[in-house]
Amino acid sequence: MKDKLDDILKDFQNRVVSISSIQKLEDLKVEFLGKKGALTSVLKNLKNVAPEERGIVGKLANQIKVSINGEIVAKRAEIENNLVNEKIASEWLDVTLNSSKSQLGGIHPISKIQYEIEDIFMSLGFSVLDGPHIETDYYNFEALNIPADHPARDMQDTFYFDNGAILRTHTSAIQVRGMEKIKPPFKVIGPGRVFRVERTDASHEAAFHQLEGMVVGEGINVANLISTMKTLLREIFKKDVEVRLRPGFFPFVEPGFELDISCLICNGKGCSVCKQSGWVELMPCGMVHPNVLKHGGIDTEKYSGFAFGLGMDRLVMMRYKIEDIRHFHSGDLRFSGQFV
Ligand SMILES: [Zn+2]
């Protein structure tokens, strides 16, 4: 019986050496120490052992059980340790390797120009205002001296919501909101996206960008308007740009002008953007109509002002020589990636 116990221990020790997984170790434990295990069956058969040897065999069997258990615990620790080491070895990181290039986003050329123009105006003492895209009829039309029967209110030009609200058709809507908050004298700009029902082509989009400007004070006149516009264009294009002023009719200014600049894409020779004319309409402008000032709560006996709307998309097209306005909303990374 003693020999049999020694054999069990040797057998266990021979086999435990080659075990490398926790699962196999568990199986081995069951095989030796489980209910039907080798050692257990020896202990069960103790009753058949001669009474005088029973104590010795029992004691020895328990010692073997303790040492098997001890070896299992040690082996388990060894396996777990190996697993951790393997993991560390396989997951190490070489921090000296070049990282894969991640694609960084960039600023859209229109936003870029907008920020630049905001900086120019702020350096000239202007404040920057904002307003909602969804506007009321009052702020977009009525307060800007655009009566109910004016063609600009035609369904073909304006996106209407069922409840009568509209998508603002120009940033001029920001003017009235501004006048309600700020008292003259003031110089403000309101940049933003505007919306019109348009057939899109190389120079027209249904959503585009304007920058509204307004100066109100005592004795403000057309000369102030022209000099401000020239300063602005020189700052934007970093050179003197050829401009022309044509009379223009806009209900919210009187007198009104259309400021054109010489087409910088074709240098005035004629192309798809300037419709072969060599000139690009850039800024409607003029002296603010007294009715508009009155809607803003401004004393027209004392104050006058000028206003202008800058077509930002055209400006960006001129600046970067972009031949088609539809690139702006194309989402084509080959296009937008050029401005990062
Ligand atoms: Zn042109």
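Axes here are lines fitted to C-alpha atoms, for helices over the stretch in contact, and angles run from 0 to 180 degrees between N-to-C directions. Helices (H or I, at least four residues) and strands (E, at least two) are DSSP runs, numbered from the N terminus. The model is predicted: local features need pLDDT of at least 70, side-chain atom pairs count only at pLDDT 80 or more, and totals for chains, interfaces and linings use all residues. Residues are numbered from 1 along each chain as its sequence is written.

**Exercise 1. Describe the overall layout of the chain.**

Let's start with the outline.

- Step 1: The chain has eleven helices and nine strands.
- Step 2: Its C-alpha atoms fill a box of roughly 130 × 45 × 40 Å along the principal axes.
- Step 3: The radius of gyration (taken over C-alpha atoms) is 42 Å, whereas a compact globule of 340 residues would have one near 20 Å. That globule rule is 2.2 Å times the number of residues to the power 0.38.
- Step 4: The domain assignment (automatic or from a database) gives domain 1 (2-90) and domain 2 (109-339). Their C-alpha centres lie 89 Å apart.

**Exercise 2. Work out how α2 and α4 are arranged.**

- Step 1: The axes of α2 (residues 22-33) and α4 (residues 51-90) come within 10 Å and cross at roughly 175°.
- Step 2: The two helices are therefore roughly antiparallel; angles under 35 degrees count as roughly parallel, over 145 as roughly antiparallel, 65 to 115 as roughly perpendicular and the rest as oblique.
- Step 3: Contact requires C-beta atoms, placed from the backbone, to lie within 7 Å. From α2, Ile22, Leu25, Lys29, Phe32 and Leu33 meet Lys65, Ile68, Ile72, Lys75, Arg76 and Ile79 of α4.

Key
Two residues are in contact if their C-beta atoms, placed from the backbone, lie within 7 Å.
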